[in-house]
Amino acid sequence: MTDDVTPPTPGTASTAPAPGAPHPPGAAPTRTERLDELPFTRKHGRLLVGSGLGWALDALDVGLLSFVIAQLAVVWSSDKGALAFVASAGFAGMAIGAAVGGSLSDRLGRKTVFALTLLVYGLATGVSALSWSVGALLVLRFVVGLGLGAELPVASTLVSEFSPRRIRGRVVVLLEAFWALGSIAAALVGYLVIPTSDDGWRWALLIGALPALYAVFVRLRMPESVRFLESRGRHDEAERTVRAFEEAAGVTQPVAAPRAAAAVPSAPADARPADAPRASSAAALLRDGLRRRTVAIWVVWFMTNFSYYGAFVWLPTLLVEAGFPLVKSFEYTLLITLAQLPGYAASAWLIEKWGRRGTLAVFLLGSAVAATAFGFGAVSGSATQIVVSGMFLSFFNLGAWGALYAVTPELYPTRLRGTGAGWAAGVGRIASIAAPLTVPPLLVLGGTPVLFAVFGGVFVVAAVAALALPELRGTRLAE
């Protein structure tokens, strides 16, 4: 497999110079170059927070599921196998939603798909609060997953395309950090709401329906991707959007890019024959110019999803089985979840210091060590060891997620960026379907130590695959 680079196809729209090529003397900078060289402004901040709140509400929904499962195991006397299918049904929807949503964002626009997916999963979450059986909850969780799976890669693509080049990775990690806020909110709801009654899980799911209301705000206020607008020939809209960001930065009129930025390379676009169509199809992700990076990022997504969802969906239930009361297990889960915030902060700082590849690999290896330590801590019954090792797992694992979402959109040109990010997430969701189902048999096979040793080994495989990715720190997004 190769990761070769060829110049842009003659006659196609390209708004970035060839890798390493200087900006033509006297030529006006392209719109994307103008965006790349802007400082981070309040308008960037509003985009980040607007997207991030949607991200946090997604995390709230996913996080609530683990607490719902823990209570339903008691209230409905459901066995772990049946409840595992509830979790996997949601992840099956996420797999389909991610692939379809990413492709739709390359056709309909990032902003449109972002708002639609928030609405779908928010409404479905509210309706799932009325579930009368495991089967009904399973079906509704699948619909929730359709919306949730599509939203995440679309949001990261939109933010990546607006972020200043010098800090693009850091901004996307900060976007991912909103996941920690949603996870903490889920832990608080799980701790404060669910134990109050046998119907506590229903009230928790109703709280998770808030994204349906937020979708209206997102659709009306957020800008559409300039790169998408240009790819559809909507140049007037693209110019108005760029000017709005320039005015927020105090730039009164477009100016040529500074000499220091003139030699900034573009992230390599895909190699393709000169007469190849520019359709945004999944098959294009596996052509020679993109095949190596696509396979590598799919492996990272698959392995990271497997370990994360296998561990965290079952965390409250595993703590109950270790002998802790339901309320105490929720309390420990809340403490463990709080460690996500410093994990994201460290990843956001390191990703522009070490680069994407090194940061991702180090955090994945740290996750492997922490997962193994947690498995043995759960057996020993030491609350301190469980909480400390769990916090390290949360720190490293969510830091890795931040780096993963930062690097994925950078791997692909504009016409394939949403498709590439969506399919990577979709492949990862296949693992998240399998992970909850593998937990019960692995527990029977060797208990918690074997379960978390498996998760640790999977993290190591993900770290090795991360090292096969290209390093794109400081480059312009490929057009």
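**Ground rules**

I worked from a predicted model, in which local features need pLDDT of at least 70 and side-chain atom pairs count only at pLDDT 80 or more, while totals for chains, interfaces and linings use all residues. Residues are numbered from 1 along each chain as its sequence is written, and side-chain values use heavy atoms, with hydrogens and water left out.

**Entry 1: the chain as a whole**

I looked up the secondary structure and found 18 helices and zero strands; helices (H or I, at least four residues) and strands (E, at least two) are DSSP runs, numbered from the N terminus. Of the 479 residues of the chain, I noted that 60% count as buried, where buried means under 20% relative accessible area, exposed means over 50% and partly exposed lies in between (1.4 Å probe, protein chains only). I then looked at contacts, meaning heavy atoms within 4.5 Å, and among those between residues at least 6 apart in sequence, 86% join residues at least 24 apart.

How do H2 and H5 pack, and at what angle? I found that helix H2 (residues 42–75) and helix H5 (residues 134–162) pack at about 155°, with their axes 10 Å apart, which makes H2 roughly antiparallel to H5. The axes are lines fitted to C-alpha atoms, for helices over the stretch in contact, and the angles run from 0 to 180 degrees between N-to-C directions. Angles under 35 degrees count as roughly parallel, over 145 as roughly antiparallel, 65 to 115 as roughly perpendicular and the rest as oblique.

I also noted that H2 passes H5 in a left-handed crossing, a term used if the near helix is turned anticlockwise from the far one by less than a right angle, clockwise being right-handed. Among the H2 residues that meet H5 are Trp55, Asp58, Asp61 and Leu65, and the H5 side includes Arg141, Leu148, Glu151 and Phe162. By class, this contact of H2 with H5 has 13 nonpolar, four polar and four charged residues; Ala, Val, Leu, Ile, Met, Phe, Trp, Tyr, Cys and Pro count as nonpolar, Asp, Glu, Lys and Arg as charged, and the others, Gly among them, as polar.

I turned next to helix H7 (residues 200–207), whose axis and that of H2 come within 10 Å and cross at roughly 170°, so H2 and H7 are roughly antiparallel to each other. The contact is made by Leu60, Leu64, Val68, Gln71 and Leu72 of H2 together with Gly200, Trp201, Ala204, Leu205 and Ile207 of H7. By class, I recorded eight nonpolar, two polar and no charged residues for H2 with H7.

Thr117 lies in helix H4 (residues 110–128) and, at 7% relative accessibility, counts as buried. Not counting residues up to four places away in sequence, Thr117 touches Gly147, Ala150 and Glu151. Gly122 also lies in H4 and is buried, with a relative accessible area of 0%; Gly122 and Leu205 are 83 residues apart in sequence and 9.7 Å apart in space, C-alpha to C-alpha.

I placed Phe363 in helix H16 (residues 356–380), where the residue is buried at 2% relative accessible area. Leaving aside neighbours within four places in sequence, the contacts of Phe363 include Gly343, Leu350, Phe395 and Phe396.

**Entry 2: salt bridges around Arg31**

Searching the whole structure, I found 13 salt bridges, each a side-chain nitrogen of Lys or Arg within 4 Å of a carboxyl oxygen of Asp or Glu. Which residue pairs with Glu230? Arg31 does, with the closest N and O atoms 2.8 Å apart, and the pair links Arg31 in helix H1 (residues 31–36) to Glu230 in helix H9 (residues 226–231), 199 residues apart.

Arg31 is buried at 18% relative accessible area, and its side chain also meets that of Glu239 in a salt bridge (2.9 Å, N to O). Glu239 lies in helix H10 (residues 235–248), so this pair ties together parts that are 208 residues apart in sequence. Glu239 is partly exposed, at 24%.

Arg243 is buried, at 17%, whereas Glu247 counts as exposed, at 52%. Salt bridges that share partners join Arg31, Arg34, Glu230, Glu239, Arg243, Glu246 and Glu247 into one network.
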